Structures are given as structure tokens and as C-alpha cells.
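Hello,

Here is the structure for your set-up. My notes on the cavities follow below it.

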Amino acid sequence: MRLEQLQAFLAVAETGNFQQAAQKCGVSQSTISRQVQSLEATVGILLFHRQGNAKLTLGGDRLLPHAKKICQIWSTAEQELLDLQAGKQTELCVAGIPSACAYQLPPILQRFSKVYPNVQLRVTTLGSDRALKVLKDGLIDIAIVMNNPFLTASSEMVVERLYEEKIQLLLPVNHPLSKKESLTWKDLNNVPQAVFKDGYGLQRLVQDQFNRQGIRLHAALELNSLEAFRGVVKQGSLLALLPETFLVELNHDPDLVVRSLHDPCLTREIVLVTTSDRIQIPPIQYFCKLAAQMIQQEMPVTLKSAL
């Protein structure tokens, strides 16, 4: 059973005449007759009385509401696909790491909404690994995350490099290590720290660096909010390794100290990720280009110098 057979059946049922049905469908009468006959052969029953006007048989009468429903469903689906290609989607879902959601995304969302005011934006803060998973599962359209080649190597993934930033140390002003102007990784051996929870790329990056240095990461507390890190470090004896994007504004907080670590300097690469099918949709394509342009243009000077 094919869609055009059902459409021919409906046209004959509505007009009561094979010739008028052919005119309505823009095909020859023989084509309409052939499609109806093929449908009758498929269902195994005559659908029309053919004496005079084409009148529905009992079988045709039973088929009619189902044929209407099937054709309506297809018409709706076809229109939705056309709308999608024309950029008339109703929402766009973005997931990003905490620093991106807090600092990079707000001006992008504002600019995007002016161009696509009818597209509802949905933004979720997630760790890099989780954001990439929900992107693969089709739950979001775009992820702004720390690059993980193991998760973005698939041919379906479209990856746009945004920027690279340092990972620096945040300490309370009264911490013993805050008195040292120059810190090494060895200074952090077994020192209690606040760290990101599992599923955040930064947690894995920091742990890998400790392993390479042959020292122990003492994860005394797990968090998933940048503001929580600020409060915990400020009030206690813990320190934290955090992205420079977040730490730039804390340099002038009298209760906190920011220090860089060298030999090596730890950095992370931030990327925008979507999929090859989504990048063809106009609003998603525009958002990706806009994000790349605005983030790369508006990065703080301190971050640009790290590239």
C-alpha cells in the first residue's frame, strides 16, 4: 500500500468521479484508475461501485476514515519537515559547561533571540561528558564543552574550536600556599581540594595531571557549581583548580588569591559541538556561527594571550 494510492482513493471518494479526481490530483484518469485498482488488489476488496458515479462500497466506507487519518498524518509530517528546513523550529536546546553558561552564553542568547524571536531557547548546565552524551542521544542540539577527542571523534560530530584557557589555582588568602608567589605541582601533593564531580571534563583533566606528576590529588569535597567553589574556598582551608574564565573576576577579591602553575601550564580547549544533520538547520547553523564569532571576538585579553 502506497501513499499515492490512498490519495487517489480519497480524491475519487470526495469527487465521486474518476475524471474529476484525476483533475484534482493533476494526473491522468488512467493513473487514478490504476492506483485505485492497485489499492483494491492490495486490500482484496472492491472500494467503489463503478456504475454511474463512483460510489463507495461497504469496504470503501470502512477504509475512508483510516485513509483520511493516514494522509493527514503524512501531510502534517511533511509540513513539519518543510518548516524545519526553512528554519521554523520551535525550540533550540543548548547544554554547556558552567563557565560557558555563566559568561559566554548570555550575550549570544540575546543576539540569537533578536534574529529568531519565535525559537524558544533551552539552556542546561552540564559537565562535558554528560553534555556530549545527551547530544548523541538527540536530547539537545548544541554542546559547549571541554574537548574530549574520544567522545567527539565520530563522523557525525561537528566540532568548532572556540578558545583555550589556563587552569589556575584558587586559594583562601590565609592558606599557607598563598604566601608563595611561585607554585609547582609538587606543592599540591595531598593538599585538600574542592574538585568537580565525575562527568566534568575538568575533574578528569586535573586528575590526569596529578597522575603524570606522580602526586596524590586529595579530593576533600566534590562540587558542580562555580559559585559554590568561590564560597567554599573563601570560607575554609580548601583550594581548587579552576578555569581562568571564572577566576579573572576574582583577582580583586581580598579574601582570595589566584596563582598560576607552571612546568607544565595546564590548559583546556573549549569547543562547540553539534551533529552533521543539525548543522543543516538554519537556526542551529546560525547559532553555531554566532557563538564562534562572538566568543572568539569577546574573549578577555588575558585568555587571548594564552593561545
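The second largest cavity has a volume of about 70 Å³. Its lining is made up of Q193, A194, V195, F196, L202, Q203, V206, L217, F229, L241 and L242. Two or more of these residues come from each of β7, α8 and β9 (240–243), and β7 gives the largest share, four residues. By type, the lining of this cavity has nine nonpolar residues, two polar and no charged. Please keep in mind that this is a predicted model.

Q193, one of the residues lining that cavity, sits in strand β7 (residues 192–196). Q193 has a relative accessible area of 1%, which is under 20%, so it counts as buried. Beyond its neighbours within four places in sequence, Q193 is in contact with L188, F210, L217, H218, A219, A220, L221, L238, L239 and L241.

The count of cavities of 30 Å³ or more is two. Among the residues lining the largest cavity are I97, P98, S99, S128, M146 and R268. Helices α5 (98–115) and α8 (201–213) each supply at least two residues of that lining, which divides into eight nonpolar, three polar and one charged.

On confidence: the chain averages a pLDDT of 89, and 95% of the residues score at least 70. Over residues 301–307 the pLDDT is below 50, although this stretch has 15 contacts in the model beyond near neighbours in sequence. Where pLDDT is low, the predicted coordinates should not be read in detail.

Regards

How values were computed: Residues numbered from 1 in each chain as written. Predicted model: local features only at pLDDT ≥ 70, side-chain atom pairs only at ≥ 80, totals over all residues. Heavy atoms only, no water. Buried < 20%, exposed > 50% of the residue type's maximum accessible area, 1.4 Å probe, protein only. Contact = heavy atoms within 4.5 Å. pLDDT = per-residue confidence, 0-100. 1 Å grid on protein atoms, 1.4 Å probe; cavity = no way out; pocket = protein on both sides within 12 Å on 5 of 7 lines; lining within 4 Å. Points joined across faces, edges and corners; volume = space filled by probe spheres on them. Nonpolar A, V, L, I, M, F, W, Y, C, P; charged D, E, K, R; others polar.
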